[in-house]
Amino acid sequence: MVRIADISLPDFPLLLAPMEDVSDPPFRFVCKQNGADLMYSEFISSEGLIRDAIKSRAKLDFNEFERPFGIQIFGGDEEAMALSARIVDTVQPDLVDINFGCPVKKVVSKGAGAAVLKDIDAMVRLTSAVVKSTSLPVTVKTRLGWDDNSKNIEEVAERLQDVGIKALTIHGRTRAQLYKGEADWTLIAAVKNNPRIHIPIFGNGDIDTPQKALEYKNRYGVDGVMIGRAAIGYPWIFREIKHFLQTGEMLPLPTIEERVEICRTHAHKSVEWKGEIVGILEMRRHYSNYLKGLSHVKEFRTRLVTVKTLAEVDSILNEIREKFSGIVLERQVIPLSEDQLPACAC
């Protein structure tokens with residue numbers, strides 16, 4: 001069993017990464033259904049929360065089914081971070097997570113996200129301000145460092161633990177790498193194997209198959225892994241990893257019927273949560289991922305991203321199920337195209 005303060009997680013838990021414009025309640029629902037052990041909100045601007053920005057406040061919403069659940073905040077101002085942590089307290093999630101990893105320009109330019117990796121003292125002050133402002137456990141998600149010349153994650157881990165964080169998730173890339181190249185887990189292992197470190201250490205980056213999850217578990221000794229992009233359009237990744245870790249055997253791939261029904265559940269939850277107009281509109285980014293690997297599906301996909309009612313979506317999904325029923329897809333890992341990537345999966 002892995003513990004984050006008083007939160008009990010199973011051995012080697014699987015965490016769903018907070019992803020901007022992806023990790024909303026409907027997406028989290030289908031991931032939880034398929035075995036995600038700990039999930040987070042999309043990352044939320046501390047300044048937005050304080051200003052009562054509608055979009056930021058909406059990201060605080062979650063369902064009891066999602067627990068244990070963390071709300072992730074980001075910012076570069078101590079007072080704003082402290083106040084936003086108190087606001088998060090009011091909706092009673094299970095933990096508060098601080099984002100020190102987002103590499104996108106609009107966040108970094110404000111001195112937040114991965115920008116804080118350039119100033120560890122500031123990172124410590126920001127973290128301490130949050131820890132002192134909430135009764136909830138505080139965790140952190142970050143990267144190896146700003147660039148290849150400043151991989152300071154070992155110092156970061158020690159100092160953040162010293163000011164009271166209860167778990168640390170490390171993405172195995174620097175800010176300069178963005179999402180390119182292969183994630184380097186050797187420094188994640190160095191943090192985990194540091195005798196001074198006693199909090200759970202979770203690894204993140206490039207986990208896209210059950211085999212890789214087992215390999216990285218054994219090679220690097222982390223307490224669990226966080227999965228982001230590999231779950232987009234494929235929430236079954238969680239159940240597949242769990243089954244493989246327990247048995248050494250691969251589960252059969254989801255059938256066409258399963259793909260359609262999970263996509264349908266996702267669409268219905270989207271409408272339920274956001275209303276039909278917004279729910280249908282925001283669901284459009286997900287269809288190509290759910291239908292990935294099917295040949296001659298472009299016509300259906302084109303129709304799905306143009307219809308405006310849930311009834312029409314259901315009708316097209318029924319057509320897809322009937323047309324492709326019985327087809328067995330091969331297991332494949334296809335990188336998401338640029339327009340399918342989350343705005344930030346840090």
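Q: How do you know the hand of the crossing where α11 passes α12?
A: α11 passes α12 in a right-handed crossing. A crossing gets that name if the near helix is turned clockwise from the far one by less than a right angle, and is left-handed if anticlockwise. Helices are DSSP runs (H or I, at least four residues), as are strands (E, at least two), numbered from the N terminus. This is a predicted model, where local features need pLDDT of at least 70 and side-chain atom pairs pLDDT 80 or more, while totals for chains, interfaces and linings use all residues. Residues are numbered from 1 along each chain as its sequence is written, and side-chain values use heavy atoms, without hydrogens and water.

Q: Why is α11 called oblique to α12?
A: The axes of α11 (residues 256-274) and α12 (residues 276-283) come within 7 Å and cross at roughly 140 degrees. That angle makes α11 oblique to α12. Under 35 degrees is roughly parallel, over 145 roughly antiparallel, 65 to 115 roughly perpendicular, and the rest oblique. Axes are lines fitted to C-alpha atoms over the stretch in contact, with angles from 0 to 180 degrees between N-to-C directions.

Q: What makes α9 oblique to α10?
A: α9 (residues 210-220) and α10 pack at about 55 degrees, with axes 8 Å apart. The angle makes α9 oblique to α10. Contact (heavy atoms within 4.5 Å) joins Pro210, Gln211, Ala213, Leu214 and Lys217 of α9 to Ile237, Glu240, Ile241, Phe244 and Leu245 of α10.

Q: How do you know that α1 is mostly covered?
A: Count the buried residues of α1 (residues 25-33): eight of its nine. Buried means under 20% relative accessible area, exposed over 50%, partly exposed in between (1.4 Å probe, protein chains only). Phe27, Arg28 and Phe29 are among the buried ones. Their cover includes β3, β4, β6, α10, α11 and α13.

Q: What caps the N-terminal end of α1?
A: Asp24 does, with a side-chain oxygen 3.1 Å from the backbone nitrogen of Phe27. The limit for a polar contact is N or O atoms within 3.5 Å, one able to donate a hydrogen and the other to accept it; sequence neighbours count only if both atoms are side-chain atoms. Just after α1, Gly35 takes a positive phi of about 115 degrees.

Q: Why does Ala176 count as exposed?
A: Its relative accessibility is 52%, so Ala176 counts as exposed. Ala176 sits in the loop between β9 and α8. Beyond four places in sequence, Ala176 touches Trp146 and Asp147.
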